[in-house]
Amino acid sequence: MHVPMNPVGANPNVGMQGMPVSVSIMPVASPQQMQPVMAPQPPQQDKMDNISKVKTLMGSLRESLPMTLKSAAQILHLNYNIDSNTQKGIDNPVPRFDKNLEEFFSLCDQMELHLRTAITCIQQAQSAAHYLPLTVIPSRLDSGPTTQETTLSYPQYLNTVRLQISYAKDIHDTLVAAAQNISPTE
């Protein structure tokens, strides 16, 4: 039920505390003109971590599960009535079970994806903390030699990563060469 914000006869330019409120009049567009224009979403939504996304999906999942079970129960009841000849045809429209089930599984899949991504992020953070226990300063400019031994500048971090990648590639190449020397040539 829609309840108007201002009671009938109330001055629309007066706020809740009785203080005057300035109102700017803007031209009103027809519904056809407003449909193609989409409001930009705030950038905060893009910055949500995976756990927060799962938490926001929980509300939708809590609504979807009872709707799915309710539509399944209605279909079972309708089929029972048809089978026992107490009802000849469909009098009431039954909600689509397949649509509700698809929505439920879609939400479950999204949650699974976000949880798997969160697990991967946690594992990467643990590996980074184990193999590079220094704090990285996210400045792109090299500020010269660092005075603290517990921090790395971003360029130093990039150089460390490049060295680790080249070292891993050298180990891989050595293992491939050793495997080719062991296996007999045919």
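**Salt bridges and surface of a predicted model**

Good morning, everyone; the count here comes to 2 salt bridges, where a salt bridge is a side-chain nitrogen of Lys or Arg within 4 Å of a carboxyl oxygen of Asp or Glu. Please keep in mind that this is a predicted model, in which local features need a pLDDT of at least 70 and side-chain atom pairs count only at pLDDT 80 or more, while totals for chains, interfaces and linings use all residues. Residues are numbered from 1 along each chain as its sequence is written, and side-chain values use heavy atoms, with hydrogens and water left out.

Let me begin with the confidence, since pLDDT is the predictor's confidence in each residue, from 0 to 100. The protein averages a pLDDT of 75, and 65% of the residues score at least 70. Over residues 1-45 the pLDDT stays under 50, and for this stretch the model has 11 contacts beyond four places in sequence, a contact being heavy atoms within 4.5 Å.

As for the fold, the protein has 5 helices and 2 strands, which are DSSP runs numbered from the N terminus (helices are H or I, at least four residues; strands are E, at least two). From the N terminus on, these elements run α-α-α-α-β-β-α. Of the 186 residues, 11% count as buried, and here buried means under 20% relative accessible area, exposed over 50%, and partly exposed in between, with a 1.4 Å probe and protein chains only.

Now to the two salt bridges themselves. In one, the side chains of aspartate 98 and arginine 96 meet, at 2.7 Å from N to O; aspartate 98 is partly exposed at 44% relative accessible area, whereas arginine 96 is exposed at 54%.

The other joins arginine 116 to glutamate 112, with the closest N and O atoms 2.7 Å apart. Why are these two separated by about one helical turn? They are so separated because they lie 4 residues apart in helix 4, residues 97-131. Arginine 116 counts as exposed at 55% relative accessibility, and glutamate 112 is partly exposed at 37%.

Finally, the surface: Tyr167, Ile171 and Leu175 form a nonpolar patch with about 340 Å² of accessible area together. Such a patch is made of residues with over 30% relative accessible area and no salt bridge, like charges being joined within 9 Å and nonpolar side chains (Val, Leu, Ile, Met, Phe, Trp, Tyr) within 5 Å. Leucine 175 has its place in helix 5, residues 154-182, and counts as exposed at 57% relative accessibility.

Notes
Areas by Shrake-Rupley, 256 points an atom, 1.4 Å probe, with all protein chains shown as cover.
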